[in-house]
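This report looks at a predicted model, taking up its backbone geometry and then its nonpolar residues.

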Amino acid sequence: MFYYLGGLFKNYFGPARLLQSYAVLIVLALYVSFILTRKLLPKFFRFLPHDRGREFTLSKEAAKGKPTGAGVVFISFFVLLCLAFIPLNLLQGGALVLTWLMMLTGFLDDRSQNGWGEYRKALLDLILCLSASLLLFYFMRNEEGHLSFWLPFMSGMLTVPVWLYVSISTIILWVSVNTTNCTDGVDGLSSSLVLLALFTLAICFYVVFGHVNMAAYLLVPHLDSGAAWGLMTFCLAGVLMGYLWHNAFPSSVLMGDAGSRALGFYIGFCVMVSGNPFMFLVTSTIIFINGGMGLLKVALKRFFHISVLTSIRFPLHDHYRKNHGWSPTQVLIKFLIIQLLITMGLLGVFFKVR
């Protein structure tokens, strides 16, 4: 809306042209989304369900009774603000719809008295992740109808068949959703790690993929809509900061599955838009290790009767709290430092060693 208003009024009021500058819109979206969420989120606390306490987590008693499912508020703010600030294309519009639907599945679980079963959530995840993969397949094809990835250690593009692209995309999205959900167990941890991932993706979209010369220099595909993806991602970072203001230890509200599942889905979607599925390691290595290894451990035990990593408690943040005596603040700061070091190192490798 603001972008189009800038184009409409710039001939009558010169400064209105600034509303068509993505740099200006990024700043406006980031600040407006943060301030709006920080100010308005507490007004919704009384309408949110209350946390039941997660089984097998150390902080279940501390979290029990707090308002949860705040993702329904800040993800809805995110969608509305994107409509206000961004000239959306069909792929971005589809990403918003699917992110909101993923949030809705989590919120319905948050407000359920007994919680939804694992298999019901897994089926819904599969439907939404597969839908997103088909959407990406349709819009990410080149003019010849081919799909390709850019990868580290390769200067050219790797063409992949449709079945492989859809399979990889669905796996990345499913893993991102569930590992982010599993990481949401310490005040501020999941949202801080996701915030770092969002800033990384937003800067890459705006500075690298959305810039013709920079993309050509680094031998990565140029995205005509790269700046818009960057703006969209900064907008989500803004609402997440507004939530984190109230979720910092000791938290007064929890995002619930409504927030964590939607955030994980959006990160996975952006990773696929970037054209390199390994970008998931750049953004979410700690999230993957912290939550994903626990999922792998449970799956091997349940379906194959194989026991691995028996001396390590998952999610990994519970292991360090129980076995090493780390406080929630220590877990947050140390995990964040490690992810920052991984992000900077992998960005250098991915973009320059090609």
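In which loop is the place of L219? L219 belongs to the loop between α9 (212–217) and α10, and its phi is near 60°, a positive value in a residue other than glycine. At 39% relative accessibility, L219 counts as partly exposed. A positive phi also occurs at F153, where the angle is near 70°; this residue is placed in the loop between β1 (147–150) and β2 (157–160). F153 is classed as exposed because its relative accessible area is 60%, and the cut-off for that class is over 50%. Most residues other than glycine have a negative phi, and most peptide bonds are trans. A cis peptide bond joins F249 and P250, with omega about -10°, and P250 lies in the loop between α10 (226–247) and α11 (256–273).

| Residue or bond | Backbone angle |
|---|---|
| F153 | phi near 70° |
| L219 | phi near 60° |
| F249–P250 | omega about -10° |

Turning to the nonpolar residues, the largest nonpolar core has 98 residues, and those with the most contacts inside it are F78, F209, W229, M232, F269 and F351. When neighbours within four places in sequence are left aside, F269 is in contact with L91, A95, A132, L135, L136, L173 and W229. In soluble globular proteins, nonpolar side chains tend to be buried together.

How values were computed
Residues are numbered from 1 along each chain as its sequence is written. This is a predicted model: local features need pLDDT of at least 70, side-chain atom pairs count only at pLDDT 80 or more; totals for chains, interfaces and linings use all residues. Side-chain values use heavy atoms; hydrogens and water are left out. A nonpolar core is a set of buried Ala, Val, Leu, Ile, Met, Phe, Trp, Tyr and Cys residues joined through side-chain atoms within 4.5 Å. Buried means under 20% relative accessible area, exposed over 50%, partly exposed in between (1.4 Å probe, protein chains only). Contact means heavy atoms within 4.5 Å. Helices (H or I, at least four residues) and strands (E, at least two) are DSSP runs, numbered from the N terminus.
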